[in-house]
Amino acid sequence: MGWGFETDPEFQEKLDWVEEFVREEVEPLDLVIDHAWNIHDPVWKKLVPPLQAKVKEKGLWAAHLGPHLGGPGFGQLKLALLNEILGRTRHGPIVFGCQAPDSGNAEILAHFGTDYLKKTYLEPLLANEMVSAFSMTEPQGGSDPTSFVTRAELDGDEWVINGEKWFSSNARYAEFLILLAVTDPEAAPHQRMSMFVVPKETPGVTIVRNVHVYGHAERAGGGGDHAYIRYENARIPADHILGGIGQGFAVAQTRLGGGRIHHAMRTVGLVRQAFDMMCERALSRETRGETLARKQLVQAKIAESWAQIEQFRLLVLRTAWKIDRYNDYEKVRVDIGAVKALMPGVLHDVASNALQIHGSLGVSDEMPFGFMIMESYHMGLADGATEVHKANMARSILKGYQGTDDLFPTTHLPRLRAAARTKFADALAADGA
Ligand SMILES: Cc1cc2nc3c(=O)[nH]c(=O)nc-3n(C[C@H](O)[C@H](O)[C@H](O)COP(=O)(O)OP(=O)(O)OC[C@H]3O[C@@H](n4cnc5c(N)ncnc54)[C@H](O)[C@@H]3O)c2cc1C
């Protein structure tokens, strides 16, 4: 029997160290640094690298990677336990070298990059000497990749890129973009596109504007973190393709599978933080002669939130365990789809309960609940809309079922009852039934 719900004592010791380190050293960074990915910010440069060095010393740097890429090769289950702690803080992932989208972009470069691309982009990316962006969504539609029109055409020994991309997160801080572009418009829907590495300084690559999302502080230099990018006759070398021509969609799926479960692991941490705040407030605030914790409607919120978090966490951990076990994202597509689809709802519901229990303080920007609730909407869109994930899940699940040609279901009770009576006819006859 392999159904364990305990952490190895040896790994628990590491988690205990991370817990304290994150609380004491990393969480305060969120309150003084403009943006966790802005590695060019002088304050960031002063405060973050010394902490990254401590993480490296502890052997916890880039915990999502195997030893061949400089990580400890913990596997997804241990990573989940680690990410639960890192998810409480925006700087956690970058201090531990496992931040999105760099983690997924590194995965693609490691699998499909040439030696030159690995040397120039992968190595500094893994060392966090540079950050990257993922440029897939287009302004006219994100949920339907077959509607993408950004083109890459081969001209001699260069690809020429033309088109527009939307919401390429952190592109303003990035050194290069991982771009999905159409290489054969006439090909079958999932073979129309290819994946490329585009250095951001390439002539013809322009950030039209950095879209600012509601509830985030305006960044130093203005605007937000999600770039609207125009590619106009941008030329990159022919070998800057990742995977074969027409393989872009398949390459993107490899990357997004891991990314989605990592987001879910971190969300467990964020949502637990909201829950802890809710419990503290319930026990501290008094009204009509007793604490909020004694009010049954408040108790219901606490009980429901706890159950929602634990259900979600167990599914995340089991999914991580399955990834380790099968080492094949195809086999866990439905599980990953499920955690991705559940994630926004859990964060939204628990953060909303926490906000409500804090009353007017809860809606103020002196507490983080408004941010968390907006974040839940980000989670319902980034890496694909919830509805699309649910539809894909249902399609996969239904492959394991068959319809019936009969007018009534195979489980129609009159049919089952008749069959049971035939099976047990002797016993029923003897009993006179
Ligand atoms: C915080 C954040 C960060 C992001 N970062 C990146 C990034 O780094 N790189 C990148 O390329 N993209 C990024 N995105 C974009 C993201 O991938 C898209 O928002 C997402 O794919 C949805 O596309 P869309 O926004 O164009 O919505 P649309 O495709 O216009 O969909 C809008 C809504 O329509 C409904 N809908 C759509 N399709 C279906 C369907 N099949 N069935 C039922 N309902 C449906 C859903 O309610 C959906 O939310 C990010 C988005 C957010 C919010």
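Predicted model: local features only at pLDDT ≥ 70, side-chain atom pairs only at ≥ 80, totals over all residues.

G223 is part of the loop that runs between strand 6 (205-211) and strand 7 (226-237).

**Around G223 and P9**
- When neighbours within four places in sequence are left aside, the residues in contact with G223 are R209, N210 and H212.
- G223 and V213 stand ten residues apart in sequence, and their C-alpha atoms are 9.0 Å apart in space.
- P9, which is found in helix 1 (residues 9-26), is exposed because it has 7 other C-beta atoms within 10 Å, and a residue with 12 or fewer counts as exposed.
- Although P9 and P72 are 63 residues apart along the chain, a distance of 17 Å separates their C-alpha atoms.

**The protein as a whole**
- The protein contains 14 helices and ten strands, and its C-alpha atoms fill a box of roughly 90 × 65 × 40 Å when this is taken along the principal axes.
- The protein has 433 residues, of which 41% count as buried.

**Domains**
- The protein is divided into domain 1 (9-99), domain 2 (132-242) and domain 3 (250-398).
- The centres of domain 1 and domain 2, taken over C-alpha atoms, are separated by 28 Å.
- Where these two domains meet, six residues of domain 1 are in contact with five residues of domain 2, and the side that belongs to domain 1 is made up of two nonpolar, three polar and one charged residues.

**The nonpolar core**
- In soluble globular proteins, nonpolar side chains tend to be buried together.
- Here, the largest nonpolar core has 105 residues, and those with the most contacts inside it are F196, V198 and A274.
- Not counting residues up to four places away in sequence, F196 touches A152, W159, L179, A181, I236, H240, I241 and L242.

**Two helices in contact**
- Two packed helices are described by the angle between their axes and the distance between the axes.
- For helix 3 (residues 76-86) and helix 8 (residues 296-326), the axes come within 7 Å of each other and cross at roughly 145°.
- Helix 3 contributes Q76, L77, L79 and A80 to this contact, while helix 8 contributes V316, L317, A320, W321, I323 and D324.
- Sorted by class, the residues in the contact of helix 3 with helix 8 are eight nonpolar, one polar and one charged.

**Around the ligand**
- The ligand is surrounded by 20 residues, and the closest of these are M136, G142, S143, S169 and E387.
- Strand 1 (132-135), strand 3 (158-169) and helix 12 (386-398) are the elements that each give two or more residues to the shell around the ligand.
- By class, the shell around the ligand consists of nine nonpolar, ten polar and one charged residues.
- Domain 2 (132-242) and domain 3 (250-398) each supply at least three residues to the shell around the ligand.

How values were computed
Residues numbered from 1 in each chain as written. Axes fitted to C-alpha atoms, helices over the stretch in contact; angles between N-to-C directions. Helix = DSSP H or I, 4+ residues; strand = E, 2+ residues; numbered from the N terminus. Contact = placed C-beta atoms within 7 Å. Nonpolar A, V, L, I, M, F, W, Y, C, P; charged D, E, K, R; others polar. Near = placed C-beta within 6 Å. Domains from an automatic or database assignment. Core = buried A, V, L, I, M, F, W, Y, C linked by C-beta atoms within 7 Å. Buried ≥ 20, exposed ≤ 12 C-beta atoms within 10 Å, placed from the backbone.
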